[in-house]
Amino acid sequence: MQDVFSFKDKVILITGAGRGIGKAITKGFLERGAIVYGTGSKQESADLINAAGANGRVADVTDPAAMPTLIDEIVQKHTRIDCLINNSGVSSDTPASFFKEDEIEKILNTNVKGVFRSCQAYFKTHRKHGGTIINVASVLGFVGIPLASIYCASKGGVIQLTKALAIEWASYNFRVNALCPGLIDTDMTSRMTGKPDLLNKVTASIPLKRLGQPEDLVGAALFMASSASSYMTGQTLVIDGGMIAQ
Ligand SMILES: NC(=O)c1ccc[n+]([C@@H]2O[C@H](COP(=O)([O-])OP(=O)(O)OC[C@H]3O[C@@H](n4cnc5c(N)ncnc54)[C@H](OP(=O)(O)O)[C@@H]3O)[C@@H](O)[C@H]2O)c1
């Protein structure tokens with residue numbers, strides 16, 4: 001019987017693969033035989049990705065030329081990318097009334113425009129044979145919290161972008177879905193996990209009574225990239241320990 005979760009010789013491109021959720025997902029695909037290209041914004045990240053057994057590349061998603069250039073390079077070498085995973089993202093803890101223009105621009109450029117540019121470059125190079133895209137959004141694309149107004153807006157934008165592209169490109173045999181993590185223990189949440197009182201309070205409010213680990217996202221990413229989800233497009237898959245089910 002064919003193993004739908006074997007990714008032997010499949011080509012996967014994942015942004016933000018050097019740490020956190022992207023690092024765990026990269027490992028998951030490597031363990032299942034995939035050829036993985038992973039990016040970061042700096043050489044140090046590319047080195048870490050290479051050391052993990054993937055192909056590390058520097059591609060700052062806020063640079064409009066970076067992802068199209070990388071996608072062209074991979075297609076030249078392998079003829080296709082089976083799945084693009086837009087995982088890079090940034091956040092901040094900023095009161096809405098304190099946001100400055102450069103911080104607003106950084107979050108929206110990385111989290112929304114960066115995702116869109118990658119999707120666009122992937123579509124342009126794969127429109128003849130189709131493709132699979134996973135955009136990493138967030139539960140904060142559904143619910144709001146204090147100090148995260150622009151981040152929430154950006155992740156809501158990623159969810160809507162995912163739905164719109166799924167519809168527009170369905171006839172080209174593209175599937176576009178969004179993966180929505182809850183609170184995951186990574187550098188991004190270290191501002192919170194470093195404060196024991198706050199961490200205890202937050203953990204108590206999660207139905208499964210723990211923060212997610214980056215590895216908790218791997219199964220969902222494999223499913224969304226595989227033929228096991230071949231009839232799924234324009235959807236969001238929430239992995240949050242029950243946080244927003246309440
Ligand atoms: N942790 C959570 O609780 C949580 C919850 C919901 C959603 N998410 C989302 O999950 C994704 C991964 O987050 P994480 O928790 O793993 O965060 P993280 O540990 O802070 O990692 C962020 C990743 O994004 C990359 N990145 C940031 N700016 C970039 C840029 N301009 N160009 C290319 N890469 C860039 C970083 O690479 P460099 O180090 O090279 O800059 C890094 O690999 C993000 O989209 C985040 O919004 C996280």
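In the predicted model, a backbone N or O atom of glycine 16 lies 3.2 Å from an oxygen atom of the ligand. A polar side-chain atom of lysine 42 is placed 2.9 Å from a ligand oxygen atom. For threonine 186, a polar side-chain atom lies 2.6 Å from an oxygen atom of the ligand. The protein buries 95% of the 880 Å² that the ligand exposes when taken alone.

The shell around the ligand holds 30 residues. Ser41, Ser45, Asn87, Tyr151 and Thr186 are the closest of these. Helix 1, spanning 20–31, supplies at least two of its residues. Helix 5, spanning 149–169, also supplies at least two. By residue class, the shell comprises 14 polar, 11 nonpolar and 5 charged residues.

Empty space in the model was also examined. Rolling a probe the size of a water molecule over the atoms shows where such space is left. The second largest pocket contains about 470 Å³ of space. Its lining is made up of 22 residues. Nearest the centre of this pocket lie Lys10, Asp82, Thr132, Ala225 and Ser227. The lining of the second largest pocket divides into 11 polar, 6 nonpolar and 5 charged residues.

How values were computed. Residues numbered from 1 in each chain as written. Predicted model: local features only at pLDDT ≥ 70, side-chain atom pairs only at ≥ 80, totals over all residues. Heavy atoms only, no water. Near = heavy atom within 4 Å. Polar contact = N/O pair within 3.5 Å; in protein donor to acceptor, adjacent residues only side chain to side chain. Areas by Shrake-Rupley, 256 points an atom, 1.4 Å probe, with all protein chains shown as cover. Helix = DSSP H or I, 4+ residues; strand = E, 2+ residues; numbered from the N terminus. Nonpolar A, V, L, I, M, F, W, Y, C, P; charged D, E, K, R; others polar. 1 Å grid on protein atoms, 1.4 Å probe; cavity = no way out; pocket = protein on both sides within 12 Å on 5 of 7 lines; lining within 4 Å. Points joined across faces, edges and corners; volume = space filled by probe spheres on them.
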